[in-house]
Amino acid sequence: MQKIMIAKAKELLQSGAVDRVLGWKTGEFAYDITPAVFETIEELEQSFVYDDFCGANLSKYLIKASRLDGKTLVFLKPCDTYSFNQLIKEHRILRDNVYVVGVPCEGKTDGETLKQHGIKGILGIGSQGDDFIIDTLYGEKTVKRADVLPERCQNCKSKQHVVYDELLGEDGQVLDSHRFDMVEKIEAMTPDERFDFWRGELSRCIRCNACRNVCPACSCEKCVFDNDASGIAQKAAADSFEENMFHIIRAFHVAGRCTDCGECSRVCPQNIPLHLLNRKFIKDINELYGDFQAGADTESRAPLTNYQESDVEPSIVYHKGGNR
Amino acid sequence: MQDVKTTFKPKIVAFCCNWCSYAGADLAGTNRLSYPADVKIIRVPCSCRVNPMFILRAFQRGADGVILCGCHPGDCHYTSGNYYARRRMTLLFSMLDYLGIEKERTRVEWVSAAEGAKFAETMNSFVETVRSLGENKRLEDLRCKK
């Protein structure tokens, strides 16, 4: 796939159809892959990469890239196309300046997870059927795909590209995933257990803002958290209140717009399952206001900018969830 | 009579919309209906003026309970404001509950300008509920406690 993609990118760059390519390149190690812009054929040949470590969602970079002169070619995985669509709906990306090439995805893993499974000295990754074949300093290692995929990929919501100009490989289907299972599990706890669970998770937060910075839905130019006067702009003066607040506010700001791409949990250096907060909103919206998948189209109104006269009353919260 | 020192006096913040609930509170006053003095009313133009962050902010600043009052659905002065508020608050309360914060500390109640009695009754029952829950420990900010 990587070869096909490089060939495609070269072709479009050479013909002048696009002026730059947004893709991924390897960092110091095979598994630290970063998003990168390629403007010449040489750069593409040297460092363009697409393998099972390329988890990063490139759609947010297009907010800036689509405002540059000329066209940008971008490679999007199925779940990235939802974020892309959502950003178009919010008029954040200039669609005409972007050439979207859909690429297939069978789930992306990361170096940390592999290390936890005892795989060290990683040089490269490939896949075969249900397994990842990992090239290491100590020879080839095989590991079951299902064992090392992050939660977001295990419960993948869709392998279908919702928007593209061109598709490489085959398009998949929207999947009937079990992504709300964990949310249901937490809902079934008692309020005290839930509080302890979240205090345990959120108290690890170091307020690095990575979750905010990576989130394709969090694209405000001026963020509420950057206000020094708010007293919540940094970790230095933090207490337990802030750990709760930051994450409630962050999740609420993307409620109804979050496509559940899972980037927040992927980038969290403390491995906090942040997507479980977003999923709670998605689950509530689905249950109370009808099924809604942000980014599935560019026309529908977001649930929080819409209403029905027959909506449920907020008191419904007293009647469901928890064993109080 | 209970000892004044040992009775917990909860701090309650009530966001009341200008057109219905604030007038309702006024009516409760002119009718000499009593409701606890622990309720601090903040007048807002419409219930949908209340950003979910206001509610979190109130808790941060030491509120033990927050109640939002607005016009009855369909009666909004601005036609649809309370419908939006209703969706937002439902999601926010559900999220607070998800995080293990006592859901009884938050409430939405629709009070019209003619419902002075309902206003007093709502505040009485809400204050009673929050009093039985005790101090707000799970959402407090120690920096704001002086």
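Tutor: The model is predicted. Start with the handedness: H13(A) passes H3(B) in a right-handed crossing. On the chain A side, the contact uses Lys280(A), Phe281(A), Asp284(A) and Leu288(A). H3(B) answers with Thr90(B), Leu91(B), Ser94(B), Met95(B) and Tyr98(B). By class, these residues of the H13(A) and H3(B) contact are five nonpolar, two polar and two charged.

Next, a helix pair inside chain B. The axes of H1 (residues 21-30) and H4 (residues 116-133) of chain B come within 7 Å and cross at roughly 90°. So H1(B) and H4(B) are roughly perpendicular. H1(B) supplies Ser21(B), Gly24(B), Ala25(B), Leu27(B) and Ala28(B). H4(B) supplies Gly116(B), Phe119(B) and Ala120(B). This contact of H1(B) with H4(B) has five nonpolar and three polar residues, and no charged ones.

Finally, the setting in chain A. Domain 1 covers 1-108 + 149-177, and domain 2 covers 179-324. The C-alpha centres of these two domains of chain A lie 26 Å apart. Across the boundary, 21 residues of domain 1 are in contact with 18 residues of domain 2. Helix H4 of chain A (residues 78-89) gives the largest share of the domain 1 side, nine residues. That side of domain 1 divides into seven nonpolar, eight polar and six charged residues.

Key: Residues numbered from 1 in each chain as written. Chains lettered and ligands numbered in written order. Predicted model: local features only at pLDDT ≥ 70, side-chain atom pairs only at ≥ 80, totals over all residues. Left-handed = near helix turned anticlockwise from the far one by under 90°. Helix = DSSP H or I, 4+ residues; strand = E, 2+ residues; numbered from the N terminus. Contact = placed C-beta atoms within 7 Å. Nonpolar A, V, L, I, M, F, W, Y, C, P; charged D, E, K, R; others polar. Axes fitted to C-alpha atoms, helices over the stretch in contact; angles between N-to-C directions. Parallel < 35°, antiparallel > 145°, perpendicular 65-115°, else oblique. Domains from an automatic or database assignment.
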